Amino acid sequence: MATERTLSILKPDATRRNLTGKINTLLEGAGLRIVAQKRIQLSRAQAEGFYAVHRERPFFNDLVTFMISGPVVVQVLEGENAVQKNRDVMGATNPANAAEGTIRKTFAESIEANSAHGSDSLENAAIEIAYFFSGIEIVG
Ligand code: CMP
């Protein structure tokens with residue numbers, strides 16, 4: 001297994017409920033290192049750009065509106081097999097289907113307000129990390 005980096009977003013439902021520390025504890029407990037992190041307020045254009053692959057989906061507008069409803073914490077996570085490891089720690093997209101102990105099972109409010117986003121592939125991780133971070137902001 002190789003050391004990888006993946007993009008994580010703690011969503012507005014998590015920042016609103018002051019859960020960033022509790023979620024970070026789960027990430028770090030799984031062996032992921034937070035090698036970059038910042039709290040930002042996305043603009044509509046920035047959220048639409050990030051989720052451009054979902055533009056044709058019926059939930060796109062609601063998703064964008066939710067993602068700009070409050071601050072998010074964007075992070076770069078590093079570790080062995082980090083892309084899959086983060087997805088395992090997050091659990092299924094729909095919290096109703098997420099395993100016990102996962103971020104979404106523990107904290108998510110709904111499939112939309114599901115507390116965390118994680119890149120779905122190494123290729124997309126590189127694209128998503130570059131969307132939010134420059135190289136000098138990532139300190140491994
Ligand atoms: P995320 O990993 O951020 O990627 C796209 C997001 O769309 C997803 O998490 C969900 O929060 C949101 N979403 C809302 N409705 C749906 C749906 N029906 N299927 C998949 N994702 C959805």
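# Salt bridges and fold of a predicted model

Colleague: Starting with E137: is it buried or exposed, or something in between?
Modeller: E137 counts as partly exposed, at 36% relative accessibility. Keep in mind that this is a predicted model.

Colleague: What does E137 form a salt bridge with?
Modeller: The partner is K38, and the closest N and O atoms are 3.2 Å apart. K38 sits in strand β2 (residues 33-40), while E137 is in the segment after α7 (122-132). The pair links distant parts of the chain, 99 residues apart.

Colleague: And how accessible is K38?
Modeller: K38 has 23% relative accessibility, so it counts as partly exposed.

Colleague: How many salt bridges in the whole structure?
Modeller: The search finds five.

Colleague: What about R5, which residue does it pair with?
Modeller: R5 forms a salt bridge with E78, with 2.7 Å between the closest N and O atoms. R5 lies in strand β1 (residues 3-10) and E78 in strand β3 (residues 72-80), so the bridge ties together parts that are 73 residues apart in sequence.

Colleague: Is E78 buried or exposed?
Modeller: E78 is buried, with a relative accessible area of 15%; the cut-off for buried is under 20%. R5 is partly exposed, at 33%.

Colleague: Which lysine does E100 meet?
Modeller: E100 and K105 meet in a salt bridge, at 3.9 Å from N to O. The cut-off is 4 Å. E100 is exposed, with a relative accessible area of 68%, and K105 is partly exposed, at 34%.

Colleague: Which residues are linked in a network?
Modeller: D13, R17 and E109 are linked in a network of salt bridges.

Colleague: And charge overall, how many positive and negative side chains?
Modeller: There are 15 positive and 16 negative side chains in the protein chain. The centres of the two sets lie 5 Å apart.

Colleague: Changing topic to the fold. How many helices and strands?
Modeller: Seven helices and four strands. Along the sequence they follow the pattern β-α-α-β-α-α-β-α-α-β-α. The radius of gyration is 14 Å, close to the 14 Å from the globule rule for 140 residues, so the chain is as compact as a globular protein of that length.

Colleague: What box do the C-alpha atoms fill?
Modeller: Roughly 35 × 35 × 25 Å, taken along the principal axes.

Colleague: What share of the residues is buried?
Modeller: Buried residues make up 44% of the 140. As for contacts with a separation of 6 or more, 77% are between residues 24 or more positions apart.

Colleague: On to the backbone. What is phi of N18?
Modeller: Phi of N18 is near 60 degrees, a positive value in a residue other than glycine. N18 is in the loop between α1 (12-16) and α2 (20-29). At 66% relative accessibility, N18 counts as exposed.

Colleague: And S115, what phi there?
Modeller: S115 has a positive phi of about 70 degrees, and S115 is not a glycine. S115 is found in the loop between α6 (103-107) and β4 (116-118).

Colleague: Is S115 buried or exposed?
Modeller: S115 is buried, with a relative accessible area of 0%, whereas N18 is exposed.

How values were computed: Residues numbered from 1 in each chain as written. Predicted model: local features only at pLDDT ≥ 70, side-chain atom pairs only at ≥ 80, totals over all residues. Heavy atoms only, no water. Helix = DSSP H or I, 4+ residues; strand = E, 2+ residues; numbered from the N terminus. Rg over C-alpha atoms; globule rule 2.2 N^0.38 Å. Buried < 20%, exposed > 50% of the residue type's maximum accessible area, 1.4 Å probe, protein only. Contact = heavy atoms within 4.5 Å. Lys, Arg positive; Asp, Glu negative; His and termini not counted. Charge placed at Lys NZ, Arg CZ, Asp CG, Glu CD. Salt bridge = Lys/Arg side-chain N within 4 Å of Asp/Glu carboxyl O.
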